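Welcome! Take a moment to look over the sequence and the model, and then let us walk through some of the details together.

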Amino acid sequence: MAVDYKRIRVRRGTLGDFIAAGFIPEDGEPIAIIGADGKSSGYKIGNGVDAVDKLPALSKGDAGPQGNPGVKGDPGGAFTYASPGIYSAAGAVSIPALTGNSLEYLQQQRARALQSWWFALANRDYAPAVARFGPGDSITEGQGATTRDRRWVQRAQMLLRRHFPTTALGSGGGVGWIDPWQMANSFGQPATVGGNLPANPGGGGSYTDTGFGLSRRTYILKASTDTWTITVKGTSVDIHGVQVNGATATVTVDGGTPQTISFGGSGVSDGKVIRVTLGASGGHTITLAGASGSFYFSGIYVNDGDENQGVHTYGNGYYGQSTTFFANLDAPKPIAAIQPSLFVIALSINDYAANASAATAKQNLQKIIAACKANVTTPPSFVLMPYWLRTGTFTGDAWSAFVAAQYEIAAADPSVCVLDLNARMPAANGPAANPYYTDGIHPTDMSHAFIADQLVRFLSPM
């Protein structure tokens, strides 16, 4: 049935009308006083005793507290992202301006560049989301960290797995990439060696080579006495190396029967991978030894039930190297073998120290990016990660010019974005000035952890 709405009207009149009529409103009866303009100018409530002119007018309540001001809206036009500055006034470096239409412009720029990585990360239950932390220099290699696990590349892997677990393994997985030997020795060599393999290689020599592999280094196993032994927790290892004219080696797991392996026949070809099963998850000791010819071995990747899922990272830094070294030697075939969806490139600080030009560093970085793109099936994402101002007096371009060059690359290439550590960390003025560096450039454990925190937050789609 239809609703029967009833209209309720308050008694209305001018004050003169009520006085002339001698009207006394009943207790609780509301009265509207009409002003000269014909509109209500006030209200009174009857008490059953007093005439209208004797009743007090209703007053407004006390003012409530002031509300919080709203967020100021975008004024429109160009938006400039200015530098937040650097903790140390000495040698402070401002980051270049980024200009767009709004804050959303900056978010869209990052989202566009990281799209490939975010999709790979979303698919981690069904296939590995592969990130290459490199090429980089000694900081990527881990110099300054007291243990291998405290360098930023390992902590970033741990944090990514913690924040983006898999259904089957949670945040678990193998330790990942292990170089055959370290140039940076703040935490020692990863394995023990025998025969003619040097324990602390300096690069080059008849039993080492810096021209091959993801990290541009190999051991060359030439005899059964040339051995590389390491204990890892896992279910399998991927052995990376170079096909060199049918050379062979043996791999022995937990002291069992040696298994002969080879990367292929005649000719020389980098980027070869052999998977060796270890058995049930747990500690396993692996020994590689020479057998025939010159067997080039460039590292292992340790899996622990995550062969076909999860987050896989490859940390590939080389102590003391500049963009020129990697632009001329970077590893297209090893890159093709692992198919990264993400590259984090942390270079240029050694170009600055070598008094190179920022323009040359920019060209080298673009060359490295082009080589990476040419050797992966799905177009990858790139993060350029310029470091802080290092200690020293140099005669080439200012460090700010090298940082600006990386922003210029990102502005011209939609697959590239910049995580600017120069804007997030103090200048490295030596160990007496702050607790962030072990010397005038290399980060402490705390700073390695800080880099990992910043990177993982930047790489997260959430």
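## A guided look at the model

Gln-154 is found in helix H5, which covers residues 152-163. Helices (H or I, at least four residues) and strands (E, at least two) are DSSP runs, numbered from the N terminus. Gln-154 is buried, with a relative accessible area of 9%. Here buried means under 20% relative accessible area, exposed means over 50%, and partly exposed lies in between (1.4 Å probe, protein chains only). Leaving aside neighbours within four places in sequence, Gln-154 is in contact with Arg-148, Asp-149, Val-175 and Trp-177. Contact means heavy atoms within 4.5 Å.

Before going on, please note that this is a predicted model, in which local features need pLDDT of at least 70 and side-chain atom pairs count only at pLDDT 80 or more, while totals for chains, interfaces and linings use all residues. Residues are numbered from 1 along each chain as its sequence is written, and side-chain values use heavy atoms, with hydrogens and water left out.

**The whole chain.** The secondary structure of the chain comes to eleven helices and 21 strands. Of the 462 residues in the chain, 50% are buried. Among contacts with a separation of 6 or more, 71% come from residues 24 or more positions apart.

**Two helices side by side.** Two packed helices are described by the angle between their axes and the distance between the axes. How do helix H9 and helix H10 cross? The axes of H9 (residues 358-374) and H10 (residues 399-412) come within 9 Å and cross at roughly 35°. These axes are lines fitted to C-alpha atoms, for helices over the stretch in contact, and angles run from 0 to 180 degrees between N-to-C directions. The crossing of H9 with H10 is right-handed. A crossing is right-handed if the near helix is turned clockwise from the far one by less than a right angle, and left-handed if anticlockwise.

On the H9 side, the contact is made by Ala-358, Ala-361, Lys-362, Leu-365, Gln-366 and Ile-369, and on the H10 side by Ala-401, Phe-402, Ala-405, Gln-406, Glu-408 and Ile-409.

Now take H9 by itself. The expected span of a helix is 1.5 Å times one less than its number of residues. Which residues of H9 are buried? They are Ala-358, Ala-361, Asn-364, Leu-365, Ile-368, Ile-369 and Cys-372. Seen down the axis of H9, its buried residues fall within an arc of 140°, so they line one face of the helix. The arc is that of the directions from the helix axis to the C-beta atoms. On the other side of H9, Gln-363 and Ala-374 are exposed.

As for H10, its 14 residues reach 21 Å from first C-alpha to last, close to the 20 Å expected. Among the buried residues of H10 are Trp-399, Phe-402 and Tyr-407.

The table gives three pairs with their C-alpha distances.

| Pair | Apart along the chain | C-alpha to C-alpha |
|---|---|---|
| Ala-449 and Ala-156 | 293 residues | 8.2 Å |
| Asn-196 and Ile-220 | 24 residues | 9.3 Å |
| Tyr-318 and Glu-141 | 177 residues | 6.1 Å |

Ala-449 sits in helix H11 (residues 445-459) and is buried, at 17% relative accessible area. Tyr-318 is in the loop between strand E18 (311-317) and helix H6 (323-329), and at 3% relative accessibility Tyr-318 also counts as buried. Asn-196, in the loop between strand E8 (192-194) and strand E9 (208-209), is partly exposed at 45%.

**Backbone details.** Most residues other than glycine have a negative phi, and most peptide bonds are trans. Asn-245 has a positive phi of about 50° although it is not a glycine. Asn-245 lies in the loop between strand E12 (236-244) and strand E13 (248-253), and it is exposed at 53% relative accessible area. Gln-339 has a positive phi near 50° and is partly exposed, at 30% relative accessibility. Lastly, the peptide bond from Gly-134 to Pro-135 is cis, with omega near 5°, and Pro-135 is found in strand E6 (residues 129-136).
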